[in-house]
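I opened the file to look up one side chain and then the interface between the chains. My notes follow the order of the look-ups.

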There are 2 protein chains.
Amino acid sequence: MKKIPDEILNCFHNNQRFLILLHQKPDGDAIGSAVALGKGLKQLNKTVDYYIDLPLEDKLVFFDEIQYFNQSLQDSYDVIVFLDCSSSSFAYSPAEMPAAKTKLVIDHHKSNAHYGDLNFVEITGATAEIVFRILKGLQVEFDEEMADAVFTGITTDTGSFQFSNVTVDTHLIASELYAIKTNYAHLSKRLHTQKNIDQMKMTGAAIHSLEILDSMPIAMMILDHETIIKFGGTINITDDVANLGQNTIGVSITALLKEIDGGEYRVSLRAKFPYDIHEIALKYGGGGHERAAGFNFSGDINELKRDLMEVYESQNGEN
Amino acid sequence: MKKIPDEILNCFHNNQRFLILLHQKPDGDAIGSAVALGKGLKQLNKTVDYYIDLPLEDKLVFFDEIQYFNQSLQDSYDVIVFLDCSSSSFAYSPAEMPAAKTKLVIDHHKSNAHYGDLNFVEITGATAEIVFRILKGLQVEFDEEMADAVFTGITTDTGSFQFSNVTVDTHLIASELYAIKTNYAHLSKRLHTQKNIDQMKMTGAAIHSLEILDSMPIAMMILDHETIIKFGGTINITDDVANLGQNTIGVSITALLKEIDGGEYRVSLRAKFPYDIHEIALKYGGGGHERAAGFNFSGDINELKRDLMEVYESQNGEN
């Protein structure tokens with residue numbers, strides 16, 4: 001298993017007061033990373049505050065540690081840790097940012113802007129893998145909740161160990177998690193297959209809207225505002241919805257458009273190797289990585305379709 | 001990683017001519033185990049024949065080694081290996097069984113009857129895990145196809161690392177597989193998530209029709225004849241469609257009605273422990289078992305709904 005650099009471990013060793021920040025709309029990897037790191041630091045008698053975009057998806061609301069989220073916010077910290085967050089603008093942060101000696105960025109996104117005073121960015125399956133390695137480096141003892149937290153980060157960001165971001169280390173870490181707690185079946189079901197009725201209906205609506213663009217291997221799904229409201233809001237659009245297009249045989253690139261308000265969309269892009277869609281996200285001021293990216297969009301959907309088709313055609317020529 | 005006993009390794013070392021048998025309707029674990037073991041033994045200059053129940057599911061037809069299945073059958077072998085096969089009656093075997101010095105049983109099913117001259121039965125995630133450990137013990141070099149074969153066995157029999165049969169060793173082995181071949185994303189997709197566009201649209205239509213009966217934990221989905229025809233016929237209704245109701249939080253019983261002709265339905269029932277729906281199937285002349293049953297139906301759907309609600313209410317009272 002790859003080692004964490006000493007300067008990163010020392011940043012935790014040599015400081016006392018930490019604030020943990022995540023990206024907006026935190027997913028399983030963000031929350032899992034926060035819970036594991038927060039509990040680990042507390043075990044080392046550090047003080048930890050969390051400032052996190054709530055509410056969370058139902059499936060993530062099972063960690064005891066969540067009770068400490070957004071409880072207090074000091075004027076200053078030794079270290080503000082940005083977890084799983086590729087840019088500072090994508091971070092969910094207080095209107096008035098507390099002072100800090102060090103801004104520390106811990107992330108696994110290739111597109112990370114290295115916006116911290118100290119940055120540890122490695123292209124791994126999940127930020128939670130890096131957090132696990134940090135806590136091992138700090139000789140923290142894992143309890144079952146911390147094991148669940150790391151597992152949650154890994155299994156959600158790797159699509160249950162299926163995506164191309166899985167490495168030797170991903171499974172080595174999972175193996176060590178099974179030495180801490182022997183059964184993650186219930187947690188896996190909770191995170192991957194169970195949906196409430198609104199989430200299920202939203203998934204059906206997304207499939208209903210699935211369109212293949214111009215005979216190309218590009219799928220587009222649009223959840224309009226009315227549908228989103230009908231089924232309880234964007235909180236009920238589960239992570240796997242964007243992948244449904246990708247699961248269709250022949251599709252290489254998928255765009256899921258969520259109309260969060262009239263004419264305003266949150267777009268999730270997915271691509272299969274060798275296609276790289278993160279430049280489209282950057283063009284529209286978003287972020288992400290080669291195979292999964294996102295951005296806000298309020299323009300002409302036909303323009304977005306053209307962008308997708310151009311990316312496909314240009315990259316198809318290269319390969 | 002747990003070691004394989006010497007007597008098992010010696011049975012491979014000290015013999016030359018092997019026949020590999022699997023269970024009837026071989027699944028991913030059976031086929032993956034056969035391909036990995038067969039190729040590994042050939043690398044050690046053993047001769048290997050396969051006698052296997054064909055055809056295979058489409059998703060499994062990608063190993064080069066499959067061309068050697070059922071090619072020849074000798075009158076006698078040194079060893080007949082029964083892989084992933086809990087009893088000899090469940091094995092797919094020649095009408096006249098060839099002679100053999102040793103019948104060797106390699107399996108991971110708790111129910112295994114130890115019907116061999118030599119038996120190695122361990123409760124692991126997959127028989128392919130045991131095969132991997134045997135080949136390591138025999139110091140076989142893994143090529144990418146053998147890595148794919150072991151991965152196929154593990155990922156199909158553990159539900160992509162989600163079931164309660166996953167152990168420390170499951171992930172240790174997966175980790176070693178990633179050292180042989182760096183990316184199993186394409187294979188994972190092939191085995192777990194890919195649907196053609198008609199299968200995907202059929203799934204969407206089923207979810208669209210999903211109805212919760214009278215505030216009870218009973219879900220009903222109806223695919224009408226027009227929809228079934230539109231999306232290419234019942235062949236495109238994938239096995240997982242009936243489970244979609246069951247994946248809805250709060251649902252204990254699901255009925256999927258497929259209108260195979262005007263007013264004529266094929267009904268699939270699913271139940272979660274402790275509910276037993278097979279009596280409804282029997283009432284309508286069908287069959288199955290407690291948690292999964294089916295029957296043909298051409299009556300009033302409201303009557304079927306009442307049956308489902310009665311079963312739930314009567315059994316709910318019992319529990």
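Which side chain does the side chain of A:Thr127 join in a polar contact? I noted first that the model is predicted. The partner I found is A:Asp84, and the two side chains are 2.9 Å apart in this polar contact.

I placed A:Thr127 in helix α3 of chain A, which covers residues 127-137. I looked up the relative accessibility of A:Thr127 and got 0%, so I logged the residue as buried; the cut-off for that class is under 20%. I then listed the contacts of A:Thr127, leaving aside neighbours within four places in sequence. The list holds A:Asp29, A:Ser33, A:Leu83, A:Asp84, A:Ile106, A:Asp107 and A:His108.

Entry on the interface. I turned to chain A and chain B, which bury about 3,400 Å² between them. Of that area, 60% lies on carbon and sulfur atoms. Each chain puts residues into the contact: 40 from chain A and 40 from chain B. I searched for salt bridges between chain A and chain B and counted zero. For polar contacts across the interface I got 17 residue pairs, with both residues at pLDDT 80 or more.

I then asked which elements of chain A give two or more residues to the side that touches chain B. They are α5 (168-180), α6 (185-192), α7 (197-209) and α9 (241-246). The largest share, eight residues, comes from α7(A). By class, I logged this side of chain A as 17 nonpolar, 20 polar and three charged residues.

Definitions and conventions:
Residues are numbered from 1 along each chain as its sequence is written. Chains are lettered from A and ligands numbered from 1 in the order in which they are written. This is a predicted model: local features need pLDDT of at least 70, side-chain atom pairs count only at pLDDT 80 or more; totals for chains, interfaces and linings use all residues. Side-chain values use heavy atoms; hydrogens and water are left out. Helices (H or I, at least four residues) and strands (E, at least two) are DSSP runs, numbered from the N terminus. Buried means under 20% relative accessible area, exposed over 50%, partly exposed in between (1.4 Å probe, protein chains only). A polar contact is a pair of N or O atoms within 3.5 Å; within protein, one must be able to donate a hydrogen and the other to accept it, and residues adjacent in sequence count only if both atoms are side-chain atoms. Contact means heavy atoms within 4.5 Å. Buried area is the accessible area (1.4 Å probe) that two parts lose on being put together, summed over both. A salt bridge is a side-chain nitrogen of Lys or Arg within 4 Å of a carboxyl oxygen of Asp or Glu. Ala, Val, Leu, Ile, Met, Phe, Trp, Tyr, Cys and Pro count as nonpolar, Asp, Glu, Lys and Arg as charged, and the others, Gly among them, as polar.
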